[in-house]
Amino acid sequence: MLYERLKTFRAVYDNMSVNKAAELLHLTQSAVSQQMSVLEELYRVKLFVRKGRSIQFTPEGKALYEWTGGIVSSMEEIPKRLRALKNLQYGDGKLVVGTTENAGMVLSRHLEKFSRVFPGIRIKVGIGSEIALKQELLANEFDFIAVDEIFEGTRDTGFPARTLMGGLSGFSLILPTVHLWAGRSLVSPQDLSDEVFLMHAQAPSLRSYVEQYFLLNRVAPRDIIEAGSTDMIKLMVANGMGVSIVGDIALSNRCRPAGIKVLALRGLEELKRHVWLLYPPNKEIGYTAWAFLRLMEPDGTDVAVEIG
């Protein structure tokens with residue numbers, strides 16, 4: 001088999017010795033020499049010459065060594081990959097993902113579908129800030145992470161990435177139901193000047209947009225209070241502590257507490273949230289993550305992961 005011969009050839013090259021290669025591969029010296037001879041006959045070149053007890057590789061031998069590194073390592077990966085695929089099929093595996101709070105609202109729908117198709121796969125989800133999640137992704141703590149961005153095209157191109165289907169959503173202004181504006185259908189930016197605005201402290205892309213929105217419309221809220229999560233912001237608004245801008249996906253019936261009124265804010269309609277899946281740049285996608293991607297494809301075709 002060509003793989004076995006190339007593996008033997010590389011062992012001889014790595015050790016610069018037929019004897020040492022034979023010991024490592026649990027073969028006889030004659031078997032190693034025979035495999036080297038077969039390669040020379042196959043490629044019709046001289047791969048090495050003997051000089052006393054040492055050997056010296058020819059330019060062709062050195063070139064063959066360089067060319068076959070990836071081939072041999074890929075062949076050695078095949079048994080492990082087949083076991084991983086079998087584990088996925090029979091439910092012995094896990095999917096570890098991280099997500100920002102807002103992206104998680106979109107990701108959860110896809111994870112629910114994945115768990116129905118692969119009920120035996122264990123799913124573990126970590127929630128954190130985008131900065132913290134990227135650091136953990138670089139440390140290979142996750143198969144992938146889901147992050148959200150406001151300005152399309154501003155994602156970090158240092159990670160392999162793809163968009164998450166169904167991840168596009170808009171934003172709205174929320175205020176207490178007892179607010180004077182509760183009877184309106186539309187609010188102008190200038191109306192915010194007399195309000196206390198609740199800012200999401202853990203969503204840098206949304207914060208950047210809101211600050212730019214204030215600047216372009218020459219708006220300076222009476223006060224700004226930072227909150228650590230969208231849920232906290234909604235509760236604070238419901239309790240009459242101020243107004244805020246949140247994603248529409250966080251305002252579904254099951255996610256909206258009593259006491260909140262949702263209104264349109266002029267100029268806010270152009271704001272859209274895009275959700276991206278980011279993968280570790282220093283390792284291949286695992287089979288569970290690959291299966292997750294395949295499941296999101298509507299036509300079932302092979303998934304092409306975009307490399308930024």
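Tutor: Start with helix 1 and helix 3, which are roughly perpendicular to each other. By angle, under 35 degrees counts as roughly parallel, over 145 as roughly antiparallel, 65 to 115 as roughly perpendicular, and the rest as oblique. This is a predicted model, in which local features need pLDDT of at least 70 and side-chain atom pairs count only at pLDDT 80 or more, while totals for chains, interfaces and linings use all residues. Residues are numbered from 1 along each chain as its sequence is written, and side-chain values use heavy atoms, with hydrogens and water left out.

Helix 1 covers residues 2-15 and helix 3 covers residues 29-43; helices are DSSP runs of H or I with at least four residues, numbered from the N terminus. Their axes cross at roughly 110 degrees and come within 9 Å. An axis here is a line fitted to the C-alpha atoms over the stretch in contact, and angles run from 0 to 180 degrees between N-to-C directions. The crossing of these two helices is left-handed, meaning that the near helix is turned anticlockwise from the far one by less than a right angle; clockwise would be right-handed.

On the helix 1 side, the contact (heavy atoms within 4.5 Å) is made by Leu2, Glu4, Arg5, Leu6, Thr8, Phe9 and Val12. Helix 3 contributes Val32, Gln35, Met36, Val38, Leu39, Leu42 and Tyr43. Sorted by class, this contact has 10 nonpolar, two polar and two charged residues. Ala, Val, Leu, Ile, Met, Phe, Trp, Tyr, Cys and Pro count as nonpolar, Asp, Glu, Lys and Arg as charged, and the others, Gly among them, as polar.

Helix 1 also meets helix 2, which is made of residues 18-25. The axes of helix 1 and helix 2 come within 8 Å and cross at roughly 125 degrees, which makes helix 1 oblique to helix 2. Helix 1 passes helix 2 in a right-handed crossing. From helix 1, the residues in this contact are Lys7, Thr8, Ala11, Val12 and Asn15. From helix 2, they are Val18, Lys20, Ala21, Leu24 and Leu25. The classes here are six nonpolar, two polar and two charged residues.

Finally, look at Thr8 and Val12 of helix 1: both take part in the contact with helix 3, and both take part in the contact with helix 2.
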